[in-house]
Amino acid sequence: MHADFQPVPQEGRDVKAEHSEPTAGPTEPRARGDFTGGVYGSLLAASVVVGAGAAGVFSRVELVVLLVSTAVVFWIAHVHAQLFGARLAQQALNRRVVLQVCRAEWPIVKAAVPPAAAVIVSPLLGLDLLGGAWLALAVAVAGQVGWSAAAARTAGASWRLVIVSAAVNLLLGLLIIVCKIVLKD
């Protein structure tokens, strides 16, 4: 069973003690099938596109740099939090641990690549700056839904739960789109 889908403990029972598979805790890196960073990174990319549109007009190059650099900064922040949060108190830092945490958090950056690529290819599709931003936003939301469905499926969730997870993430993406509309392109 996956760390994000742990059973709810019942009174008087220690579910962790009964659970035989390892889970990602404060002293372990995330499991290879954990797509949390991808979901988060896609949501972050969508938010960057909306924020950039609300802040003024950005060139395509500036929007691509903003998407990737924001993802890198958040990746560094997540790595720092993992390494110097609960992990520092319970596990000595060494190169192996640092690299594991860096790898585990890398999907945050990977999730910014498709929206950035959408901005880059948007002129080939005949889109202006605003159209490129909308395309990037759509790609980010699609990525968020895809990452969440992959996470649920990899965790062994039922198809019903996969659909619920995707729907919740689609709703979150649509809320970001509403913010873009309200903030007036």
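Is F35 buried or exposed, and what is its relative accessible area? F35 is buried, because its relative accessible area is 19%, where buried means under 20%, exposed over 50% and partly exposed in between, with a 1.4 Å probe and protein chains only.

The model is predicted, so local features need pLDDT of at least 70 and side-chain atom pairs count only at pLDDT 80 or more, while totals for chains, interfaces and linings use all residues. Residues are numbered from 1 along each chain as its sequence is written, and side-chain values use heavy atoms, with hydrogens and water left out.

**Whole chain**

Display the protein chain as a cartoon. Nine helices and zero strands make up its secondary structure; helices (H or I, at least four residues) and strands (E, at least two) are DSSP runs numbered from the N terminus. The pattern along the sequence reads α-α-α-α-α-α-α-α-α. Of the 185 residues in the protein chain, 37% are buried. Contacts (heavy atoms within 4.5 Å) between residues at least 6 apart in sequence join residues at least 24 apart in 68% of cases. Switching to a surface view, the accessible surface of the protein chain is about 10400 Å², and carbon and sulfur atoms account for 68% of that area. Accessible areas come from the Shrake-Rupley method with a 1.4 Å probe, and for residues only the protein chains shown count as cover.

**Aromatic pairs**

Next, select the aromatic side chains. The structure holds three aromatic pairs. Rings of Phe, Tyr and Trp (its six-membered ring) pair if their centres lie within 6.5 Å; planes under 30 degrees apart count as stacked, over 60 as edge-to-face and the rest as tilted. One of the pairs is F35 with W147, a tilted arrangement with 5.6 Å centre to centre and 55° between the planes. This pair links distant parts of the chain, 112 residues apart: F35 is in the loop between helix 1 (15–18) and helix 2 (36–55), and W147 is in helix 8 (residues 129–154). W147 counts as buried because its relative accessibility is 19%.

Move on to Y40 and F74, which form a tilted aromatic pair at 6.2 Å centre to centre, with 45° between the planes. Y40 lies in helix 2 and F74 in helix 3 (residues 60–84), so the pair ties together parts that are 34 residues apart in sequence. Y40 counts as partly exposed at 29% relative accessibility, and F74 counts as partly exposed at 30%.

A104 is buried, with a relative accessible area of 15%.

**Charges over rings**

Select R153 with W159: R153 lies over the face of W159, 4.2 Å from the ring centre. Then select K180 with W134, where the charged end of K180 sits over the ring of W134 at 5.3 Å from its centre. The criterion is NZ of Lys or CZ of Arg within 6 Å of the ring centre and within 35 degrees of the ring normal.

**Helix 9**

Finish on helix 9 (residues 159–182), where L171 is placed. L171 counts as exposed because its relative accessibility is 51%. A167 also lies in helix 9 and counts as partly exposed at 41% relative accessibility. The C-alpha atoms of A167 and A149, 18 residues apart along the chain, are 9.1 Å from each other.
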